[in-house]
Amino acid sequence: MAWMRLTGYADKFGVHPGDKIRFYVNCDGPKNYDVQVMRMINGDTNPRGPGLVEKPVKASCNGNYAGRRQVIYSGSYGCHKDEPEFRVDSFTLQGWIWPTTPKTHPKYWKHGAQGLMGKWSKNKGYGLFINEEGCLEVRINEHKIATNAPIRDHAWHFVAASFNAATGEVVLYHEPQIVYALDPPIPPVKKKLGGVKIKHDDIPFTVACYVDRKDTAPEARASVPAGVVMGGPYNGKIDSPRLCNRALSRLEIETMKQGAQRGMSERRHAGPTGELATAIVGAWDFSAGINTAMGHDKGPFRYDLTIVNCPTRAMTGHNFSGHNFDWKHAPEEYGAIHFHDDDVDDARWEVSFEWDVPADTKSDSYVAKLTTKDGDEDYIPFFVTPRVGQEQSKIAVIIPTISYMAYANEHLANNAGGAELLVYRVPIMQHQNMFLAEHREYGGSIYDTHTDGSGLCLSSRLRPILSIRPKYDHFLMQAPWQYPADLHLICWLNQMGYKYDVITDEDINYDGLARIKNYNVLITGSHPEHNSGPELDALHDYTQQGGRLMYMGADGWYWVHSFHPAYEHLGRGVITEMRRCESGIRTWRADPGEYYHQSTGELGGMWRYRGRYLHTVAGTGMSSEGFDISSYYSRTPESNDPRVAWAFDGIGYDEKLGNFGFVGGGAAGTELDIVDTMLGSPPHTLVVATSAGRHTEAYLLVMEDYGFNQQGLDGTQHPRVRSDIAYHETPNGGGCFAFSSIAFCGSLPWNNGKNNISKLVGNVLDRFMKDGPLPPAPKSAIKHRGRADYDQPLNKKRK
Amino acid sequence: MIRIPKKGSKERERMIKEHKACIDSMKGVAGCTILRCKTPGDTTEVSGGIHEDFQLNRVLLRMRGQPARNKLVVICTKVEKEWRIGRLSGIRGVPPVFVTDKVYDNEQDPQHDIFLMRLDELAESDGMPEHFHEGWKRRSDNWVAT
């Protein structure tokens, strides 16, 4: 059953008026499809709400197009075009491997032999493999010589194979780095192949795959090199692969482990010895150029590999000693690349249509809606963002595109049976999830583990991202999440008649304060969890200089992200990286020594553990999460403080705030933030409303807030399981209002925006969007405040 | 470990009744849990269910903690209109398959039917020493690690 026959993506999330945006469409079956650009205002189909709101836009690209199939060739590998030196008569291949799936289930999506290194295809050439039985195998033309020792997964092994064309002798070495007491020995496998001459073809030399075929089909142009389709994707690490042009002795192989080693001779020739200098074809060092898409060859020919589909680098190698956790300080221990069969850096599809966005186009949320006569449908969301200096409104909505990328094509409902413990109900999968469950080549999210079970830390936006779609309910809440949830906010702004611009995370990352300084107020999305350092810098610069920030959600400013510099030529923020390190809500956990980003070399993990507390950005930070149902807020006495009482004009003190909504049925739900002056909330922060005591057992305190496991952490018991709506002034007439719940925006459009959450947010927005600084706080509010002295009367008595 | 109550037992009937009442009361909520809404479809006040029936709470946790292989799941076949019950394969790249022909017109009812199916399918107890198998050493134990 084809769950989706139409899928597509655009070359950018945000396009300026006057610029071009390109769209790439896979139309697998139908002959034609229609394109209609729409303003996308509400994506939530909940019958209790306004329903889908999309408004057709006149666009030169609207029309009917011939459909054609486009395919993603996932799986990371290294390759170099054919060269005379790769056409060896005799050879030695060697390197270290740490395989994660040496043997797979027969139904596994890429079941079969895995290519380690070589130049082999269709019974021609030479190569080192892990065969279908999980054993090391060398292939010379049609000959396959293997050990009968299944390779231990998640362990380092030294592997090598040599072939002497003159004698016909093949030797295969599998030498585990770790040998346990009851492991059988694995002697070298020796075999004579009489009269065998290696046949050569013009295929590339490859690492972590083999060439499956040359393919003239149009869709195969998306492979790298174009028209050469790889097979046998390898899952696991490879460290220090080498190719020599003769059969080395075991001693020479040992010496070749050292690689090119130009320092061994005053002549600085490549080769650890004079004799081996004539044997080296390639001696690759993956610790060089970790932030590039190249696998550096330190040998004499400089046959640098093109690294395709962005595997994980800055990975600990076979010699990691655990003394240094930063690859920049001990690169020689980071010679491994971890390849995965579901890595994807760029779908590389051919352009299906493009739109020259007219210069007078309103900044807003848009989609290219794709439909067929047979009822197929897909939407490609994008945002028209003004050029810096050509802002169209006083209000800007920050579309949290890094967070969208982090959640892109998330598979948790399918992969993680345990996700049910998180959501406290049986997950509901939609057609997008069903399609992705089968089409692993579309890649996963940073919440997923790769198909080999290892953590997924890199996400590309140059692929169809089916979780960024209207009409998509996420299994976490059985309701909109991220993009469609942020459309609740867009919908409300339209209901209320506000004029607003939209900008994206990458705009702020690249343009800094210039991108935001001309706005009177910035409004975040419902869940801006994933942020780059430059983006946070800009937000702090903004609020410090009198800007106003409305933080419309929760669990924001949580994870460290960086954009991969090797993809800058394709646009802004093409690939984002995030590592799940020592704490935080982690669906996987980085291995020791693998906390530093390959993109920028910075320490990954939570901003909190970089000394950048979440609470410093907008006043509140995450304290708990639960995904069954949401609740509501009550005002606190601090809401009557004249510094903030204006926000509650028209709202009674005893009103239940937000006991309605399209996410969990209330405004306080899913992930919740609180004020904590010990974690960076300014000491003058006012908590104006809270949902304390109203959450279910499904809500649990975040693990970074406690030191050991004990009972009493859930919503029915723990006082930190709550959401605080909070306000604080920033210098120079600025301010932050934090609404502190991901479900919050889901209450805004309720009853067509006639509700007390809408009233509260409207009051705040009306004040924050005015020109000039905010009215100053009363003089009585200017006083010395500590961080811990809010709630320690005992200490005060002692004084 | 809390045992899955036997067929025909009073405990089982009580749990089924409570589960159904909770699920029915959640109809209309975007999200749901096994608690009773005082006003149907409105989460302002909730009670009963997992907060007051300890055994139901623990049985549900055991069901939720089962590994992905063959785990029952809800599949939305027409947005806001139709839902069916399927099973996860537990194998990457192998999508879930439908297990019944029943088509639901709301997203809550399949939750209850899956509860009933699991009551029948799950062993009365697991996780005790007599259930030891080698997988316990290799992360294929009952509790899913992400």
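In this predicted model, strand β35 (residues 559-563) of chain A runs antiparallel to strand β36 (residues 575-577) of chain A, and 2 bridges join them. Strands here are DSSP runs of E, at least two residues long, and helices are runs of H or I of at least four, numbered from the N terminus; two strands pair if DSSP finds at least two bridges between them. Within this pair, S562(A) stands opposite E577(A) in β36(A).

Both strands belong to an open sheet of 4 strands in chain A, ordered β30-β36-β35-β33 with mixed pairing. Its edge strands, β30 (458-460) and β33 (530-532) of chain A, each pair on one side only. Neighbouring strands of the sheet are turned by 35° against each other on average, direction ignored, with axes taken as lines fitted to C-alpha atoms.

Strand pairing also links the two chains. Strand β29 (residues 428-429) of chain A pairs with β3(B) in the parallel sense over 2 bridges, and M429(A) stands opposite I75(B).

At the interface, 39 residues of chain B are in contact with 50 residues of chain A, contact meaning C-beta atoms, placed from the backbone, within 7 Å. On the chain B side, the elements that give two or more residues are β2 (42-47), α2 (49-52), α3 (54-64), β3 (72-78) and α4 (109-121). The most comes from β3(B), with 5 residues. This side divides into 22 nonpolar, 11 polar and 6 charged residues; Asp, Glu, Lys and Arg count as charged, and Gly is among the polar ones.

Residues are numbered from 1 along each chain as its sequence is written, and chains are lettered from A in the order in which they are written. Local features need pLDDT of at least 70 and side-chain atom pairs count only at pLDDT 80 or more, whereas totals for chains, interfaces and linings use all residues.

How values were computed:
Contact = placed C-beta atoms within 7 Å. Axes fitted to C-alpha atoms, helices over the stretch in contact; angles between N-to-C directions.
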